Every structure is written in structure tokens, then in C-alpha cells.
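Here is a short briefing to read alongside the model. Have the viewer open and follow the residues as they come up.

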Amino acid sequence: MVSSKLLYIGKRLLLLIPTVWGCATLTFFLMKLTPGDPAVQVLGPKASAKALDDLRQAWGLNDPLWEQYLRYLQQLCTGNLGVSYAAKAPVAELLATRIPVTLAIMVLAALFAILISLPLSIWVATSSSRLIAGTVRVINAICQGMPTFFVGAILMQIFCIQLGIFPIGSGSGQMSIMALILPSLAVSITIAPILSRSLIQSLEDSVQSEYVNFAKAKGLAPRHVLFAYALRNGSISAVSVLGIQIGFLVGGTLVVENVFAVPGIGQLMMDSVLKRDFPVVQSLTVVFGIIVILVYLITDLVYGALDPRAEQKG
């Protein structure tokens, strides 16, 4: 059992290799196709032609494209992410200070989405009131249709500007948990409706299933039947939906970091794209690919824990 699970994890981790290579290759050539000159971005439009050419030569931008590509892959394989054109600092150091902030937002957003959708789904699935079910579904539809930046702007206006409960951005440069709550909540509000809709449907099917009726016939407490039988089986599809939403979770995190001035890798990505900072953009894309694959792996493991048949199929 343990060896099969380790083999399953090993196969999933091997997917990191083609994923990282694909992300790195696609990003490299897309960045080369974008208009703009990194040397001009750094030295300014009034720099002399010789200064611009010397800087391009120092960065290797005058080398043939295939040579730049092979050099980049070689650096990536050795863990050398290069030096930022704009910050003139190792990319690895920039990422080390930014990644924890972004991961914290992602984890909090997923947690908030579960805390929002789970009680609502249980309430709807166990209630016979059509008014409650209809109200929740309307709220889900409205929240699902709102873009992340719009939700973030509303939350900022209410809780930061008008009420002054939460700070905006890092302020002193040190991120606090209070500064991460609203960005995480903004992301969770846009993915919670999808999770809630899936969980409601699964719970309704589970509540009406034969094994739940059998558990009730055995005289088990309604709370025990709900959480031990209906919720355990009903949450299987919700776990899959949450895993699928990871891509949207990453995208939403990039957006809210710029809305709330949070110094994460989303804000770094936006700044680097505008400045044509190739090493940073390429490294961030690889990091995003690794994060998504690892989260998918965790989702598969949780799915397998809830439904042992999934591991047998895998």
C-alpha cells in the first residue's frame, strides 16, 4: 500500500520535468517576441547607441537565439535563475522574499473558500426550504460573475478606506497577517461559488443515497450520519473542483497583489513584464508551473484518501 502510494507520487513528480521545460520554453520565446528592448528600459531612451549595445552584449542579447535558449536551459538545470535586469540582483533572492507572501495568500484563499462554501452547502442540502436554496444559488451566481479585481476594490473601499480595519499593502515593508486577509478573501469570494455549487449537488445526492438511509435506519445520530457518511462522500467531487480551480486561484492571486499593493510574486511579475525583465519573468513562470503541479498532486492525494478506489485506478 505504502509502496504503491510512493510510486504514484513519484510518477506525479516526474511530470514536473516536462511541465517546467514547457513553461520555460514557451515563456522564453514569447518574451523574445514581445516589443521593447530591456537595455532601453534600464538605461532610458536617451542612452547612446554604444552604451545600449554594450549592455546587450553583457547580457548576451546579441547572441543567436538558439544560443540564448540553450544557455537559459543550462542555467535552469543548474539552479541558476540569472540576475534581474531591473533590480540588478539575483532572481533567486527576489523570489525568496516574494514567494512566502503569495503562498500565504493562496493558502488563506483556499481556506476561506472552504469556510464559506461548506456551511452554505450543508445548510442548503439539509434544508427543505426552496427560498434558502434559491437565495444561495443567486448569491453564488452574482459572486461568480464578479472579477477578482472588482471584489478586491470593493473590499478595500469598505474595510480599508472607510472603516480602516485593515491596512493597505505592506506599509513598513513587513507583511502582516492582517494585510493578507482582504486579498485572500477577495480571491476566495470568486472561487467559493463554484466550490459551493459542486458541494451542494454532491451533498444532495449523498443525503438521498441508500447508504445514508441505511445509516439512519441503524439509529445513528443525524449529525454523525451527516459528517461521517454524507459529507465524506459528498466532498469527493468538491475536492476535484477545488483542485481544478487552482489555476484560477493563482491568477486571482496575481491580480489582488497589484490591487492591494502586496509585495508578492504577482506584483513582481507585473513589474517585470512592463520592464522586459526576461530572467525574472521566465523564472516566475517556471515557479508558477511547479506550484500548480504540486497543488494538483496534493489534490490527488486528498482525493485518494477520501476515495481509495482512485488510487487503485491511478
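Apart from neighbours within four places in sequence, Ser283 is in contact (heavy atoms within 4.5 Å) with Tyr72, Leu81, Val91 and Leu95. Ser283 sits in helix H14, residues 278-306; helices here are DSSP runs of H or I with at least four residues, strands are runs of E with at least two, and both are numbered from the N terminus. Ser283 counts as buried because its relative accessible area is 2%, where buried means under 20%, exposed over 50% and partly exposed in between, with a 1.4 Å probe and protein chains only.

This is a predicted model, in which local features need pLDDT of at least 70 and side-chain atom pairs count only at pLDDT 80 or more, while totals for chains, interfaces and linings use all residues. Residues are numbered from 1 along each chain as its sequence is written, and side-chain values use heavy atoms, with hydrogens and water left out.

**The chain as a whole**

- The protein chain has 15 helices and zero strands.
- Of its 314 residues, 42% count as buried.
- Among contacts with a separation of 6 or more in the protein chain, 73% join residues 24 or more positions apart.
- The accessible surface of the protein chain is about 16,800 Å², and carbon and sulfur atoms own 68% of that area; accessible areas come from the Shrake-Rupley method with a 1.4 Å probe, and for residues only the protein chains shown count as cover.

**Confidence**

- The average pLDDT of the protein chain is 77, and 82% of the residues score at least 70; pLDDT is the predictor's confidence in each residue, from 0 to 100.

**Helix H2**

- How far apart are the end C-alpha atoms of helix H2? They are 26 Å apart, which agrees with the 26 Å that its 18 residues (16-33) should span at 1.5 Å a residue; the expected span is 1.5 Å times one less than the number of residues.
- The buried residues of H2 are Leu16, Val20, Ala24, Thr25, Thr27, Phe28 and Met31.
- As background, an α-helix has 3.6 residues a turn, so residues three or four places apart point the same way.

- Phe149, Phe150, Ile154, Ile158, Leu163, Ile165, Ile177, Met178 and Val255 make a nonpolar surface patch of about 780 Å².
- Helix H8 (148-162) and helix H9 (177-207) are the elements that give two or more residues to this nonpolar patch, and H8 gives the most, with four residues.
- Patches are built from residues with over 30% relative accessible area and no salt bridge; like charges are joined within 9 Å, and nonpolar side chains (Val, Leu, Ile, Met, Phe, Trp, Tyr) within 5 Å.
- Leu163 belongs to the loop between H8 and H9, and Leu163 counts as exposed because its relative accessibility is 53%.

**Salt bridges**

- The structure holds two salt bridges, each defined as a side-chain nitrogen of Lys or Arg within 4 Å of a carboxyl oxygen of Asp or Glu.
- One of them joins the side chains of Lys50 and Asp54, with an N to O distance of 2.9 Å. Both residues lie in helix H4 (residues 49-59), four residues apart, about one turn of the helix.
- Lys50 is exposed, with a relative accessible area of 59%, whereas Asp54 is partly exposed at 40%.
- Asp63 forms a salt bridge with Arg71, and their closest N and O atoms are 3.2 Å apart. Asp63 is partly exposed at 21% relative accessibility, and Arg71 is partly exposed at 27%.

**Positive phi outside glycine**

- Lys88 is not a glycine, yet its phi is positive, about 55°. Lys88 lies in the loop between helix H5 (65-77) and helix H6 (91-126).
- Is Lys88 buried or exposed? Lys88 is exposed, because its relative accessible area is 59%.
- Not counting residues up to four places away in sequence, Lys88 touches Val42 and Val83.
- Ala261 also has a positive phi, near 55°, and is found in the loop between helix H12 (246-259) and helix H13 (265-274). Ala261 counts as partly exposed, at 37% relative accessibility.
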